[in-house]
Amino acid sequence: MRIQVVTLFPELIEAFASVGLMAKACDAGILRIQTITPRLFTSDRHQTVDDAPYGGGSGMVMMLEPIAQALETLDAACQWEHAPCARRILLSPQGEPFTQQTAVRLAQEPAIALLCGRYEGIDDRVRGLMHEEISLGDYVLNGGEVAAVAIIEAVSRLLPGMLGNAQSLQEESHTAGLLEYPQFTRPRSFRGMDVPSVLLSGNHAAIARWRRQQALLRTRALRPDLFAKYELTADDRALLAEADDEGVFVAFSDPPPRDVGSSEEPPPAESHRAPRSPAA
Ligand code: JD8
C-alpha cells in the first residue's frame, strides 16, 4: 500500500516511518510512505504557505495553491508508475471520527493521501479537492500530523504480509469490540502482587475461559459504551453470571471488598490482588 502525506513537517512523518514495524514494512515493500511539503510550490523568497483570513480574525490560514500542486505532484507520481491515484483524506477536527472500522476500510485501498493542515487550518475550498475528511478524535491538536501517524500505524498493521500478524489479527477479530484480557510476565510475584494462579496452572481450557471472562468483565466495568454494543454469546453470558455469583473481580482494577460496618482493612480476597491502589 502507498501512503502519501502532504505536510509542512515531513520529518515528523519520516521519523515515525523509520522505526519498528513500520520501518520493516517499508523495507519489505509492503508499505511505501511518500511525503511532500507545500513549501516546494511557493515562489516567494520566504516560501509563504499561509495568509491572513478574509473577514479578519486571529491566526493564519493555509493557502490552496501550494497544497493543490503538492496533491497533483503525488497523483503524477502514481500515474508515472501506472498505479491508481490515492484516495485523498483531509485530517481535521470536523472529520468523521477515526475508528478501527475506518482503519480496516482504508487498509483495502491501493493508496491514500493524508493532508495535514497547520495554523488555524486550510482555506475551506480545500474540501473541493478531497474525497473524505477524518478526525482523530474530540480533542484539539496543533495540526494534522499526529492524526496522520496514528492512521498510518493503525492501517499499516492490518496489511497482508505484515510481519507476524496472521495469528494476532485472527485473535483480535475474535475479541473485536472487547478490551484485552490482562497479561503478565515474570516474575510470578512483584512487590506483593501475584500473577493469577490459573495462568500458571498449565490448564489451557481454564486459561482461555479466564481470559474471555476477564475481557468481558473489564469491558463491562471500564467501557460500558463498548459493552452495550457487544453481542454476547450464550457462553459469554454464562461466564459473566458465574463471575457475578462467585464475586470474581477484574484483576488489579476493582477496589478491595470491604465488610459492611467494618473499618478494618480486609485481607486480600485472592492472591493476585494489588496491595493498594497507587493509581486511584
Ligand atoms: C488539522 C490545524 C489546528 C484546528 C484551531 C489551532 C485531526 N482530532 C484532531 N484534533 N485536531 C485536529 C487538527 C487540528 C488542526 C489541523 C487537524 C490543522 N489545526 C487548529 C482548528 C482550531 N486549531 C485533529 N485530525
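Colleague: How much space lies in the largest pocket?

Modeller: This is a predicted model, where local features need pLDDT of at least 70, side-chain atom pairs need 80 or more, and totals for chains, interfaces and linings use all residues. Numbering runs from 1 along each chain as its sequence is written, and side-chain values use heavy atoms, without hydrogens or water. A pocket is an open set of points on a 1 Å grid over the protein atoms alone, where a 1.4 Å probe fits, with protein on both sides within 12 Å along at least five of seven lines; lining residues have an atom within 4 Å of a point. With points joined across faces, edges and corners, and volume taken as the space filled by probe spheres set on them, the largest pocket holds about 710 Å³.

Colleague: Which helices each supply at least two residues of its lining?

Modeller: The lining of the largest pocket counts 20 residues, and Thr 99, Gln 100, Gln 101, Ala 176 and Gly 177 lie nearest its centre. Elements are DSSP runs numbered from the N terminus: helices (H or I) of at least four residues, strands (E) of at least two. The helices that each give at least two lining residues are H4 (100-106), H6 (166-174) and H8 (224-229).

Colleague: Which strand gives the most to the shell around the ligand?

Modeller: The shell has 18 residues, with Leu 91, Ser 135, Gly 137, Tyr 139 and Leu 141 coming nearest; a shell residue has a heavy atom within 4 Å of the ligand. E5 (87-97) and E7 (132-135) each supply at least two of the shell residues. With three residues, the top contributor is E5.

Colleague: How far is the backbone N or O atom of Gly 137 from a ligand nitrogen atom?

Modeller: Polar contacts here are pairs of N or O atoms within 3.5 Å. Ser 92 brings a backbone N or O atom to 3.4 Å from a ligand nitrogen. From Ser 135, a side-chain N or O atom is 3.3 Å from a ligand nitrogen. For the backbone atom of Gly 137, the distance is 2.9 Å.

Colleague: How much of the ligand's exposed area does the protein bury?

Modeller: Areas come from the Shrake-Rupley method with a 1.4 Å probe. Alone, the ligand exposes 540 Å². The share buried by the protein is 83%.

Colleague: Which residue other than glycine has a positive phi near 50°?

Modeller: Most residues other than glycine have a negative phi. The exception here lies in the loop between helix H3 (64-80) and E5. Its name is His 82.

Colleague: What is the omega of the peptide bond from Arg 186 to Pro 187?

Modeller: Pro 187 is placed in the loop between H6 and strand E8 (189-190). The bond from Arg 186 is cis, with omega near 5°.

Definitions and conventions. A polar contact is a pair of N or O atoms within 3.5 Å; within protein, one must be able to donate a hydrogen and the other to accept it, and residues adjacent in sequence count only if both atoms are side-chain atoms.
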